Each structure stands twice: as C-alpha cells, then as structure tokens.
Amino acid sequence: MQWETVIGLEIHVQLSTRSKIFSAAATAYGAEANRQACAVDLGLPGVLPVINAGVIKKAVKFGLAVNAEIAEHFVFARKNYFYPDLPKGYQISQLELPIVGYGQIAIRLDDGSNRIIGITRAHLEEDAGKSLHEDFHNMTGIDLNRAGTPLLEIVSEPDLRNAQEAVAYMKKIHTLVRYLGISDGNMQEGSFRCDANISIRAKGDTKLGTRAEIKNLNSFRFVEQAILHEIDRQIDILESGNKVVQETRLYDPDKNETRAMRSKEEANDYRYFPDPDLLPVELSRDDIESIRTELPELPDAKRQRFIKAFNLSEYDSSNLTISRELADYFEATVQASGGEAKLSANWIMGDLSAALNKENKDITKSPVTANALGGMIKRIKDNTISGKIAKQIFEDMWNGEGDADTIIEVRGLKQVSDSGLIEKLVDEVIAANPDQVEQFRSSPGEKQGKLIGFFVGQIMKKTQGKANPQQVNALLNKKLTAG
Amino acid sequence: MSLEKTEIEKIAWLARLALDEDDIPGYARDLSNILGLVEQMNTIKTNDIEPLAHPMEIKARLRPDEVTETDQREKFQNIAPHVDNGHYLVPRVIE
C-alpha cells in the first residue's frame with residue numbers, strides 16, 4: 001500500500017513585548033524566580049486583566065505579513081484546566097473570532113520548488129508558568145515569571161506532506177517573525193516551539209487518518225526527527241492491521257522516540273467560554289493600515305531584490321536573507337567593497353560563517369564588521385592582495401588587529417605585481433628544476449594543469465604567497481610551453 | 001435534555017469538586033433544567049441578530065506596553081503556604 005503523510009503544525013511564538021499580555025509585569029528572560037510575577041499573574045482575587053496594545057500590534061503585523069484577514073472585532077476566551085503553574089485554573093486564549101484569520105505562506109523546498117501552505121488562523125494567548133520537579137524535596141517548585149507572557153499560536157492547515165516540508169515551513173515562520181521584530185525566536189529559551197499533528201492515509205484518500213499530536217518540539221532537528229519517527233510508527237501500526245489511537249505524545253530526543261502522555265497529563269475537555277473580565281477588542285481599518293506602514297521589507301521581497309540588484313543566484317540570495325541582520329550585513333559589505341556583491345556573498349557565506357559557527361556567534365556579534373570585510377574585499381578586487389593572502393588578513397581582522405589596509409601595511413602583505421620581478425623568479429624556478437620542467441613538457445595538456453601547481457608553489461614560497469597568482473600562472477605557462 | 005449520573009461525575013471531576021453521592025440526583029435535575037432552558041433558547045431564530053460577546057456595548061481599552069509593576073515577591077510569598085528559594089511549593093506533580 002502507498003501511504004501519504006499529512007502534517008499540520010501549531011507554532012507558539014513568544015511575542016517580544018516589554019510587559020505581559022494582561023499585566024504590566026516585565027517579561028525579560030532569566031530573572032530570579034517569581035520576581036516578575038505580579039498579582040494578576042498570580043491569579044489573586046480581585047485582579048482584572050488589561051490588554052497590552054503592543055501585543056495586538058505585533059499579532060496584526062504577523063497577520064498582514066501572511067496576507068491574512070485581520071479581525072476588526074475579536075474576543076478572548078477562557079480555556080479551563082488544572083495545573084499548578086496555571087494559578088487561575090484557566091488560560092486566557094482565543095477560540096471563536098481569533099485576531100488573525102486565514103492566510104498563506106510560500107515555502108521553498110530543497111529541489112528549488114515552491115509550495116503554498118495555508119495558515120488556518122493565529123490567535124493570542126497567555127503562557128503558563130514553569131514547574132520544577134527537582135531540588136524541592138518531593139515537592140514541585142513553581143516559577144510564575146513566564147505566566148502571562150504573550151504568545152501567538154500560529155495554526156497551519158494540514159498542508160504539509162513530509163518532515164522536510166514541515167521543517168521548511170517552521171523555518172520560514174521563524175525567519176518571518178524575526179524580520180517583523182515581533183519575537184526574538186530564541187528556541188533555547190522557549191520563545192519559539194511547536195506541536196505537530198501527524199496522520200497517515202492511503203495515497204489518494206481524501207479523508208484524513210487518525211492523528212497523533214506531538215507536543216513541545218523546540219528545535220528544527222527535533223521536529224524533523226519526531227515526525228520521521230512518528231510516520232514510521234503509524235505506518236507500522238496500519239500495516240499490521242491495527243488502528244492509530246488519537247492521543248498526545250511526547251518526543252524524547254535522547255531515545256529518538258515518541259511516547260504517549262499519561263491520560264492525566266491530557267486535559268482535553270477545556271470548556272471554553274468567553275472571558276467575562278475582558279471586553280471585545282475593536283480594531284479599525286485605519287488602525288490596521290497604519291500598522292501596515294510599519295512593516296519592514298519581508299524575506300521573500302528581499303530575496304527577489306537581492307537576485308535582481310546584486311545578480312546573485314537564488315541559492316546565495318536565500319542564504320543571505322535568512323535573517324534581517326545577515327541581509328543588512330551583506331548590503332553594508334557590498335557598499336563598503338565598492339559593489340562587489342558576488343565576492344561579498346562568498347566571503348560572508350564562507351570564511352565569515354565558518355568563523356562565526358566555530359565560536360557560536362551571531363552575525364550581530366561578528367568581530368569583523370561589514371565595513372572591515374568590505375574594505376578587505378576592495379583590496380582583493382584592486383589586486384592589492386590575493387585571495388589567499390586575504391584569508392590570512394581575515395583571520396587577523398577577526399583577532400582584532402585592525403582593518404585590512406592597516407594589516408597589509410604593517411605586515412607588508414601587498415601583492416607583488418611587478419612583472420620584472422615575477423619574470424625573474426619564474427626564470428629562477430625553471431632553471432632550478434630541470435626534472436620537473438622535463439616532466440611538464442612531456443605530459444599531455446590536461447595533465448600540465450596539475451603539474452604547473454608545483455612551480456606556482458615554488459614562486460609563492462619565495463614571495464611568502466604575495467606574488468600575483470594570475471601573473472605567475474600566465475608567465476609560467478608561456479615559458480614552460482615555449483621551451 | 002437529562003443528564004446521567006456519570007455525566008455529573010465527569011463535570012464534577014473536571015471542576016475538581018467532590019460531590020456527595022446523595023447530592024448527585026439533585027445536581028442532575030438542576031443542571032438538566034438549565035440545559036432545558038438553553039434548548040428552549042436554541043429554538044429562537046437569531047439569524048438577524050449580531051452575536052454578543054459581552055453585555056455592555058463598549059470596547060476594551062488597551063494599555064501601552066510598559067512595565068509598571070514592581071517586584072513584590074516577599075509580600076506575595078508571605079501569604080503562600082510553602083515557599084523555597086523564591087518558588088511557590090505545591091505537592092509533587094509527577095512528570
């Protein structure tokens with residue numbers, strides 16, 4: 001039997017506001033336990049929630065960016081369940097009339113094709129606190145700093161067909177919310193996490209199979225592994241003639257498997273009702289349009305512009321627009337280099353990325369500024385230095401030894417392009433190595449390309465790598481073949 | 001519509017209420033009456049009526065995104081039954 005996988009993702013994005021969604025307590029990450037949990041967050045009697053305008057604005061930005069219908073009238077509802085890190089006994093969320101309605105986003109697959117993925121809705125809700133089960137002598141410790149932090153839950157249509165598409169979709173949303181400046185997207189700190197609904201059906205069926213929901217996936221790799229594992233598990237069940245049970249499962253990254261949550265952990269009768277403490281929110285068309293004017297250039301538009309304006313490949317452009325910061329860095333580098341887009345792209349995606357990865361640094365923390373990198377690329381282009389010497393200069397800049405021009409000056413790294421000197425060196429090397437010359441001349445053309453490397457190496461040795469490689473190659477070729 | 005005993009027990013469990021066995025028939029009758037009233041309301045044609053999310057015809061006033069709450073942890077934790085190292089303690093919740 002041919003099977004088809006159907007996946008829908010629910011992505012929880014923590015919105016980067018200063019204060020909480022219904023209280024004026026701080027949301028900053030990493031504070032001492034319960035220092036940022038006020039009476040509203042604690043659910044003390046007599047308190048009332050007041051909606052944060054910044055939260056509404058950020059949610060609207062997301063909606064506009066995915067061409068969704070923005071509700072001009074929306075309400076909040078109570079989702080009731082008992083858990084100690086939810087002091088009120090309900091989470092304020094949205095059920096009917098969410099702030100963001102149906103929208104769409106395009107994802108790009110590895111084979112270069114595009115797919116449009118539907119977004120069913122995105123609604124606002126408050127996060128719960130944290131339960132800590134260790135260090136409290138058989139008690140559970142509750143930290144309510146996170147309680148009341150604004151979340152935007154983005155629900156996709158069941159449009160995704162495999163793990164690769166799910167990851168591409170998740171990455172796209174991740175890039176988008178960071179471009180929009182509505183979330184820091186920090187996955188380690190839990191600002192961006194997702195639940196995956198997965199089901200299997202016979203290929204060609206139009207009815208969905210029974211789904212399992214996998215909770216709390218907080219990295220792209222876990223999403224991929226959990227989905228791959230869950231697909232295998234469900235197909236095994238179906239092929240042995242059994243039925244998939246609708247349930248909530250947890251992914252265990254250490255064992256790379258999913259397991260069913262205890263039924264008690266599953267509270268699926270939430271008895272939603274409109275929250276009587278909160279009035280309906282009205283947004284005017286003007287409010288929405290004024291938020292639209294604040295939208296930055298979005299990733300797809302930027303990618304297209306880079307391809308056109310800088311003559312970059314689709315691949316380079318996609319990589320450089322993965323974050324707004326990286327794209328800004330690239331543009332600044334090109335500017336400083338005097339318009340060398342391709343070289344700038346290569347350096348940023350090559351040596352710079354490698355160095356950043358090695359030290360686990362973000363582009364915004366790069367010790368080599370865009371200006372410095374652009375300045376060095378300018379010197380490659382005007383033949384002051386070779387690409388090889390540039391690698392050395394890049395390392396020196398990384399280690400804080402000044403800009404390229406200073407390093408070239410202090411270290412005497414200026415490329416030797418004096419044709420008289422190079423010719424002299426070429427003659428010396430040819431004279432000193434008669435055996436290699438003989439071998440070169442008796443070899444067929446296609447082999448000579450390799451053999452010439454020996455002579456280039458000798459000359460580079462004599463000049464500490466500073467000889468202009470194009471000139472050296474040209475002269476060697478001329479003299480070796482002429483003899 | 002009339003509720004069964006098991007439904008009353010489920011509703012009570014969801015609300016974490018301990019019901020006396022003897023009280024269950026009474027609750028079943030009262031809640032069934034409420035549902036009966038809802039059923040009666042369901043027969044009314046409401047196609048032309050705008051849904052009402054709140055009895056007052058006013059909209060929410062929003063608050064600017066500013067932190068105005070100060071840290072009052074000590075005060076709050078003074079009235080908590082158990083605290084340790086800044087955390088509120090509850091009976092162990094098994095993972």
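Hi everyone, let's start with one pair of residues: A:Met139 stands opposite B:Pro91, which sits in strand 2 of chain B. Keep in mind that this is a predicted model.

That pair belongs to a strand pairing between the chains. Strand 8 of chain A, residues 139–143, runs antiparallel to strand 2 of chain B, and the two are joined over four bridges.

Now let's step back to the whole contact. Chain A brings 51 residues to it, and chain B brings 34 residues. Between them the two chains bury about 3,900 Å², with 60% of that on carbon and sulfur atoms. On the chain B side, the residues that lose the most area to chain A are B:Arg63, B:Asp65 and B:Arg92, and together they make up 19% of what that side buries.

What about charges and polar groups? There are four salt bridges between chain B and chain A. One of the residues in such a bridge is B:Asp71, whose partner is A:Arg35, with the closest N and O atoms 2.8 Å apart.

Strand 2 of chain B, where we began, gives the most, with five residues. By class, that side of chain B has 14 nonpolar, 14 charged and six polar residues.

Definitions and conventions
Residues are numbered from 1 along each chain as its sequence is written. Chains are lettered from A and ligands numbered from 1 in the order in which they are written. This is a predicted model: local features need pLDDT of at least 70, side-chain atom pairs count only at pLDDT 80 or more; totals for chains, interfaces and linings use all residues. Side-chain values use heavy atoms; hydrogens and water are left out. Contact means heavy atoms within 4.5 Å. Buried area is the accessible area (1.4 Å probe) that two parts lose on being put together, summed over both. A salt bridge is a side-chain nitrogen of Lys or Arg within 4 Å of a carboxyl oxygen of Asp or Glu. Ala, Val, Leu, Ile, Met, Phe, Trp, Tyr, Cys and Pro count as nonpolar, Asp, Glu, Lys and Arg as charged, and the others, Gly among them, as polar. Two strands pair if DSSP finds at least two bridges between them.
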